[in-house]
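User: Can you walk me through this model? I'd like the sheet, the packing and the pockets.

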Amino acid sequence: MIDAFATTTVYAAERALMAELAEGELMERAVAGLAALVRIRLQERGSRRVVALVGPGNNGADALYAVAALAADGFLAGAVLRDGQVHAGALAAAAAAGVVLVSTGTPTTDRATTDRATTDRAATDLISEADIILDGILGIGGRPGVPDAAVPWVAAIPDTAYVIAVDLPSGADPAGEVGDPDGVFADETVTFSVPKPVHLLPATEPACGLLTVIDIGLELSADPPAVRRLERRDVPALWPRPTPRDDKYSRGVVGIVAGSEKYTGAAVLAVTAAANAGAGMIRYVGPPTPEALVRAEVPEAVPGPGRVHAWVLGPGLEVGVPDAMGAPHLEVARHAWASDLPVVVDAGALELVRGPRSAPTLLTPHAGECARLLTRLAGRGEVTRAEVTAYPLRAARELADRTGATVLLKGAWTLVVPPGDGPVFSQCDAPAWLATAGAGDVLAGIAGTLLAAGLDPSVAGALGALVHGLAAETANPGGPVRALMLADALPRTIAALLRQS
């Protein structure tokens, strides 16, 4: 599992460690690890030229000290910085090592303006010749957005350069909530001791590239992580496995209310996914046509309501326009929502959400559905899909707090956000081919099976999203994936993951 910690937690840990160390030792550890990593990348690429973009903070100092070490090793090293806004010790070390230093600043006279234009050109020329760019403009204490003075530096980064960000790509929000399309997009981000939210959340992770964590001896407090990501190796410990004493009831009975006369296939996909994910028993409730299809495709599913451990409500459901055939199963869905049983609420059943629910609940909207829910519940005018897409964590957190439910916001990054202050899960495990009709119905079936087995909604959502994404790759590596192929790939995907233990 990857745990990312809030910057306040990291700073507190750094202060505690610095109190025990000699002055400057913590920075020395960071610089040594950073310089070693950059040295490896230069050697791998057969490169000689490295240029640091140096800001006023500690990560700017790390970058400047690192290029000083690289210059001492014989690499061609340069740095661009702002007058009077740089760590004095790092500047002295860089000058002593022969780093080419270009300082830019604000002119105060006409002559200074002319000289400054010359140094600005020198800065952009130095950057444009680099094989590797070391981005130390801003760190985890910075604000989103690149400072105006550094905008020309970022614009001058050549497409051919390998960009390594120190702690975060400059411009990105340290909290991971806001991206910067005009900021640095790194090929690799080097951070120290632990990841931070910026490295795992959808607004900012794309700008981070490969994440490399360098251990500098930091010990985190008892504060929980802000963001978590499940990995393949976590599946054996979390996935429910039967013991010799289990039967179909003790393994978990999932009830599924899905499908309509218009959307018949959603029921087949959700029920197939639940069966293939290992549900002990499935009770299916739906109108006649999808019920007939489920009976044919998943004969082990039991038609009609009965005792269940968790419900899946909504795939293919038409709540707003019930017809005479659909009314009975909609009534079952309403009773399930009003019960104290765990429920997964997807697609059409999201229309049933009118306020908080106290029992364990996992809502699984995509961005458009999340926008419609917030519009209905927030009472402040229309919330658009574009707003949810731009600020996914903010939207999911608000929906979770308004409903008392855990929200699984679907997308290329799947966010699983509990109500309150618990850790957010951010999963990014699926190939782009999974953006296909019916994939959400499969995910609902998986998540319902995990809820029925007793998992917490957050873990059920994150674990379901992980396995869902990995099954898509199993179904057809590198190519198109149909939702039914995805559901059919679940048993062998899960078995392969469990064999890791």
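Analyst: The notes below take the sheet, then the cores, then a pocket.

User: What should I know about the source before we start?

Analyst: This is a predicted model, where local features need pLDDT of at least 70, side-chain atom pairs count only at pLDDT 80 or more, and totals for chains, interfaces and linings use all residues. Residues are numbered from 1 along each chain as its sequence is written, and side-chain values use heavy atoms, with hydrogens and water left out.

User: Fine. What is the strand order in the sheet of 11 strands?

Analyst: The order is E1-E9-E18-E17-E16-E15-E14-E13-E10-E11-E12, in an open sheet with mixed pairing. Strands here are DSSP runs (E, at least two residues) and helices likewise (H or I, at least four), numbered from the N terminus. Two strands pair if DSSP finds at least two bridges between them.

User: Which strands stand at the edges?

Analyst: Strand E1 (2-4) and strand E12 (302-303) do; each has a single partner strand, so one side of each is left without a neighbour in the sheet.

User: And E16, how does it pair with E15 and E17?

Analyst: With E15 the sense is parallel, over 2 bridges, and Leu-362 has Thr-406 as its bridge partner in E16. With E17 (residues 414-417), E16 (residues 406-409) pairs in the antiparallel sense over 3 bridges. Val-407 stands opposite Val-417 there, and a hairpin of 4 residues joins E16 to E17.

User: Which way do the E16 side chains point?

Analyst: Thr-406 and Leu-408 point one way, Val-407 and Leu-409 the other, and all are buried. Buried means under 20% relative accessible area, exposed over 50%, partly exposed in between (1.4 Å probe, protein chains only).

User: Is Thr-414 buried or exposed, and what does it touch?

Analyst: Thr-414, in strand E17, is buried, with a relative accessible area of 11%. Leaving out residues up to four places away in sequence, Thr-414 touches Leu-408, Leu-409, Phe-425, Ser-426, Gln-427 and Ala-465. Contact means heavy atoms within 4.5 Å.

User: Which helix lies across E17?

Analyst: Helix H14 (residues 392-403) lies across strand E15 (361-363), E16, E17 and strand E18 (424-427), at about 35° to E17. Axes are lines fitted to C-alpha atoms, for helices over the stretch in contact, with angles from 0 to 180 degrees between N-to-C directions.

User: Now the cores. Which residues touch the most other members in the largest one?

Analyst: Trp-239, Ile-256 and Val-442, out of 56 residues in the largest nonpolar core. Such a core is a set of buried Ala, Val, Leu, Ile, Met, Phe, Trp, Tyr and Cys residues joined through side-chain atoms within 4.5 Å. Elements giving two or more residues to this core include strand E10 (253-257), helix H9 (265-277) and helix H16 (457-475). Apart from it lies another core of 49 residues, among them Val-67 and Tyr-162.

User: How big is the second largest pocket?

Analyst: Its volume is about 450 Å³. Among its 24 lining residues, the closest to the centre are Glu-14, Leu-26, Met-27, Asn-58 and Asp-62. H1 gives the most to the lining, with 5 residues. On a 1 Å grid over the protein atoms alone, a pocket is an open set of points where a 1.4 Å probe fits, with protein on both sides within 12 Å along at least five of seven lines; lining residues have an atom within 4 Å of a point. Grid points are joined across faces, edges and corners, and the volume is the space filled by probe spheres set on the points.
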